Amino acid sequence: KPQDEQAADALASEWLVPDKELDAFVARTKPYFSHAAIRKFADGVGVHPGIVVGRLQHLGAIPYSHSRGMLVKVWAALLEQIGR
């Protein structure tokens with residue numbers, strides 16, 4: 001990816017789930033990332049659990065096969081957020 005796109009990705013990740021909070025969650029939870037723990041953390045930071053799963057997958061903390069059921073299509077999640 002171009003450098004500016006990488007920077008935008010990093011900024012968006014930090015904006016959605018601050019690295020400091022995600023790192024603390026990983027440190028206290030690894031290697032047992034239950035669905036309940038992921039949901040509780042997501043609720044605490046105010047994001048959809050699928051965002052947390054995606055970040056954990058990207059970090060390599062969980063395999064891409066882990067918690068696939070928590071992922072949703074972005075459009076469906078956005079519509080849910082605005083109440084449609």
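**Salt bridges, core and surface**

Arg 55 and Asp 19 are joined through their side chains in a salt bridge, with an N to O distance of 2.6 Å. This pair connects distant parts of the chain, since Arg 55 belongs to helix H4 and Asp 19 to helix H2, 36 residues apart. The model is a predicted one, and it holds 2 salt bridges.

**Charged pairs**

- Arg 55 has a relative accessibility of 12% and therefore counts as buried, the cut-off being under 20%.
- Asp 19, its partner in the salt bridge, is partly exposed, with a relative accessible area of 34%.
- A salt bridge also forms between the side chains of Lys 1 and Asp 9, at 2.4 Å from N to O.
- Lys 1 counts as exposed because its relative accessibility is 64%, whereas Asp 9, at 33%, counts as partly exposed.

**Nonpolar core**

- The largest nonpolar core comprises 15 residues, and those with the most contacts inside it are Leu 22, Phe 25, Phe 33, Ile 38, Phe 41, Val 52 and Leu 56.
- At least two residues of this core come from each of helix H2 (19-29), helix H3 (35-45) and helix H4 (49-59).
- Leaving aside residues up to four places away in sequence, Phe 41 touches Val 17, Glu 21, Leu 22, Phe 25, Arg 28 and Val 52.

**Aromatic rings**

- The count of aromatic pairs comes to 2.
- In the pair of Phe 25 and Phe 33, the ring centres lie 5.7 Å apart and the planes meet at 55 degrees, so the pair is classed as tilted.
- In the pair of Phe 25 and Phe 41, the ring centres are 4.4 Å apart and the planes are at 15 degrees, so this pair is stacked.
- Phe 25, Phe 33 and Phe 41 together make up one aromatic cluster.

**Nonpolar surface**

- A nonpolar patch on the surface is formed by Trp 15, Leu 16 and Ile 51, whose accessible area together is about 320 Å².
- Trp 15 is part of helix H1, which spans residues 3-16.
- With a relative accessibility of 69%, Trp 15 counts as exposed.

Technical notes: Residues numbered from 1 in each chain as written. Predicted model: local features only at pLDDT ≥ 70, side-chain atom pairs only at ≥ 80, totals over all residues. Heavy atoms only, no water. Patch = residues over 30% accessible without salt bridge, like charges linked within 9 Å, V, L, I, M, F, W, Y side chains within 5 Å. Areas by Shrake-Rupley, 256 points an atom, 1.4 Å probe, with all protein chains shown as cover. Salt bridge = Lys/Arg side-chain N within 4 Å of Asp/Glu carboxyl O. Helix = DSSP H or I, 4+ residues; strand = E, 2+ residues; numbered from the N terminus. Buried < 20%, exposed > 50% of the residue type's maximum accessible area, 1.4 Å probe, protein only. Core = buried A, V, L, I, M, F, W, Y, C linked by side-chain atoms within 4.5 Å. Contact = heavy atoms within 4.5 Å. Phe/Tyr/Trp six-rings, centres within 6.5 Å; stacked < 30°, edge-to-face > 60°.
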